[in-house]
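Please open the structure in your viewer and keep the selection tool ready.

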Amino acid sequence: MNRLFALVTAMIVGVTATASTAQDTPVVVELFTSQGCSSCPAADEMLARLGERDNIIALALHVDYWDYIGWKDKFAHAAFTKRQKGYARSFGNRSIYTPQMVINGAADVVGNRPMDVTDMVQDHAAKGLRVALTLKRSGDRLTITAPASSGLAEADVILVRYTPSETVSIPRGENAGKKLDYTHVVTEWSDIGDWNGRTPLSSSVPVSGAAPIVVLVQQKGYGPIFAAARLR
């Protein structure tokens with residue numbers, strides 16, 4: 001399995017590196033996962049490999065609906081379960097599951113199927129995002145800018161922080177007895193404004209700490225992501 005993930009990641013890199021240079025926009029990969037899900041470690045590992053690439057913004061959102069099985073996920077938040085349910089409504093899915101990857105807020109794929117993930121990431125890398133977003137940090141202030149872009153729907157501007165990596169020993173539940181590595185674990189998710197693209201985006205917000213920063217501009221109602229950028 002590790003060799004397959006390595007091969008798949010290499011395939012993604014070959015396409016996305018060129019696409020990123022042309023479009024100058026990243027691919028956002030959200031993984032809905034849980035420490036209590038036995039099918040998730042393979043997807044967690046793949047997200048880690050994807051997240052090593054400069055042109056991929058990897059985000060692990062741990063959901064809480066597996067907590068009843070005997071192990072409470074220390075990273076889980078009800079807000080992430082709510083977000084996954086929002087995507088389900090947007091995509092017309094009748095249920096939610098783990099591991100699920102959502103690419104650029106526009107399409108979903110089972111997160112532990114390497115070839116399916118590869119195809120989807122390649123497709124969205126080639127398309128690029130609609131708007132180039134710029135982040136600059138000066139001390140405890142973050143400045144967010146983007147040029148005006150006609151034809152955008154109403155969008156949320158979202159600030160995300162994440163923990164790059166953490167190892168967890170799991171004594172109970174479906175992964176009992178395992179010591180698992182987790183990466184790109186989302187710890188903060190804040191709606192910091194709205195934007196419709198008719199005028200340039202210019203915003204300044206307070207930030208603290210050394211955790212990586214991600215900003216997303218996403219169509220309201222769990223629609224596609226129009227723009228994204230990261231500071232590590």
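The stops below begin with confidence, and go on to a sheet, some aromatic rings and a few backbone details.

**Confidence**

Colour the chain by pLDDT before anything else, since this is a predicted model. The mean pLDDT of the chain is 91, and 90% of its residues reach 70 or more. Now select residues 15-23, where pLDDT stays under 50 and for which the model has 14 contacts beyond four places in sequence. Where pLDDT is low, the predicted coordinates should not be read in detail.

**An open sheet**

Next, select β5, β6 and β9, three strands that form an open sheet in the order β5-β6-β9, with antiparallel pairing. Which strands stand at the edges of this sheet? They are β5 and β9 (201-206), each of which has a single partner strand, so one side of each is left without a neighbour in the sheet. If you look along the sheet, neighbouring strands are turned by 15° against each other on average, when direction is ignored.

Stay with strand β5 (residues 134-138) and strand β6 (residues 141-146), which pair in the antiparallel sense over five bridges. Select T134 and then look across to β6, where its bridge partner is T145. The hairpin of β5 and β6 has two residues between the strands, and in this hairpin G139 takes a positive phi near 65°. On the other pairing of β6, the strand meets β9 in the antiparallel sense over six bridges, and selecting I144 will show you that it stands opposite S203 in β9.

**Aromatic rings**

Show the side chains of Phe, Tyr and Trp, and look for rings whose centres lie within 6.5 Å of each other. By this rule the count comes to five aromatic pairs. Select F32 and Y87, one of these pairs, which is edge-to-face, with 6.1 Å from centre to centre and 75° between the planes. F32 lies in strand β1 (residues 27-33) and Y87 in helix α3 (residues 78-91), so the pair ties together parts that are 55 residues apart in sequence.

F75 counts as buried at 9% relative accessibility, and Y182 is buried with a relative accessible area of 2%.

For a ring with a charge beside it, select R130 and F226: the charged end of R130 sits over the ring of F226, 5.5 Å from its centre.

**Backbone details**

Most residues other than glycine have a negative phi, and most peptide bonds are trans. With that in mind, select H184, which has a positive phi of about 55° although it is not a glycine. H184 is found in strand β8, and it counts as buried at 7% relative accessibility.

Y222 lies in the loop between β10 (213-219) and β11 (225-231), where it counts as partly exposed at 22% relative accessibility.

Then select T98 and P99, which are joined by a cis peptide bond with omega at about -5°. P99 is found in the loop between α3 and β3 (100-103).

Finish with I96, which is found in the loop between α3 and β3 and is partly exposed, with a relative accessible area of 25%. Which residues does I96 contact, leaving aside its neighbours within four places in sequence? They are Y65, T81, Q84, K85 and A88. Take K85 from this list and display the C-alpha atoms: I96 and K85 are 11 residues apart in sequence and 6.6 Å apart in space, C-alpha to C-alpha.

Key
Residues numbered from 1 in each chain as written. Predicted model: local features only at pLDDT ≥ 70, side-chain atom pairs only at ≥ 80, totals over all residues. Heavy atoms only, no water. Pairing = 2+ DSSP bridges. Helix = DSSP H or I, 4+ residues; strand = E, 2+ residues; numbered from the N terminus. Phe/Tyr/Trp six-rings, centres within 6.5 Å; stacked < 30°, edge-to-face > 60°. Buried < 20%, exposed > 50% of the residue type's maximum accessible area, 1.4 Å probe, protein only. Lys NZ or Arg CZ within 6 Å of the ring centre and 35° of its normal. pLDDT = per-residue confidence, 0-100. Contact = heavy atoms within 4.5 Å. Axes fitted to C-alpha atoms, helices over the stretch in contact; angles between N-to-C directions.
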